[in-house]
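Let's take a friendly walk through a protein chain together. Have the sequence and the 3D view ready, and follow along as we go from the overall fold to single residues.

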Amino acid sequence: QVQLVESGGGLVQAGGSLRLSCAASGLTFRSAAMGWFRQAPGKEREFVAAITWSGGRTYYADSVKGRFTISRDNSKNTVNLQMNSLKPEDTAVYYCADHRHTYYSGSLFDLANMRYWGKGTLVTVSS
């Protein structure tokens, strides 16, 4: 049974930092491309960042580029999202998901291409 469990969310002031982690089990993590998505109240879930199975390529939404960094640790089966210079508009529930294709090295990390999802972790940025 595949499980993706996010952690690290919380309340932070604007300009602060948080580090999210997603622990994966039940899948061959080293061959899985992973992504982070978020959903703000009343809005649709949107792409935030992704990393290919090898870790060789990363992708970011324009809204977080230069502030967020995605990384993976295959020895711990985790994918992390370092979030700096947080803004109130970053407030959302953050989800991790794996890509439906193993060994994926492309750039298509839309919702339709993601397979399993975690339950999310809430990030609240106060102004």
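Read along the sequence, the chain follows the pattern β-β-β-β-β-β-β-β-β-β-β. In numbers, that is 0 helices and 11 strands. Here helices (H or I, at least four residues) and strands (E, at least two) are DSSP runs, numbered from the N terminus. The radius of gyration is 13 Å, close to the 14 Å that the globule rule gives for 127 residues, so the chain is as compact as a globular protein of that length. That radius is taken over C-alpha atoms, and the globule rule is 2.2 Å times the number of residues to the power 0.38.

Before going further, a word on what you are looking at. This is a predicted model, in which local features need pLDDT of at least 70 and side-chain atom pairs count only at pLDDT 80 or more, while totals for chains, interfaces and linings use all residues. Residues are numbered from 1 along each chain as its sequence is written, and side-chain values use heavy atoms, with hydrogens and water left out.

Now for the chain as a whole. Its C-alpha trace spans about 40 × 30 × 25 Å along the principal axes. Of the 127 residues, 42% are buried (buried means under 20% relative accessible area, exposed over 50%, and partly exposed in between, with a 1.4 Å probe and protein chains only).

Next, zoom in on A61, which lies in the loop between β6 (58-60) and β7 (68-73). Is A61 buried or exposed? Its relative accessibility is 13%, so A61 counts as buried. Leaving aside residues up to four places away in sequence, A61 touches F47 and V48. By contrast, look at Q13: its C-alpha atom is separated from that of A61 by 22 Å, and the two residues are 48 apart along the chain.

Two further loop residues deserve a look for their backbone angles. N77 sits in the loop between β7 and β8 (78-83), and its phi is near 55 degrees, a positive value in a residue other than glycine. With a relative accessible area of 25%, N77 is partly exposed. S85 belongs to the loop between β8 and β9 (92-102). Its phi is near 50 degrees, again a positive value in a residue other than glycine, and S85 is partly exposed at 40% relative accessibility.

Conventions
Contact means heavy atoms within 4.5 Å.
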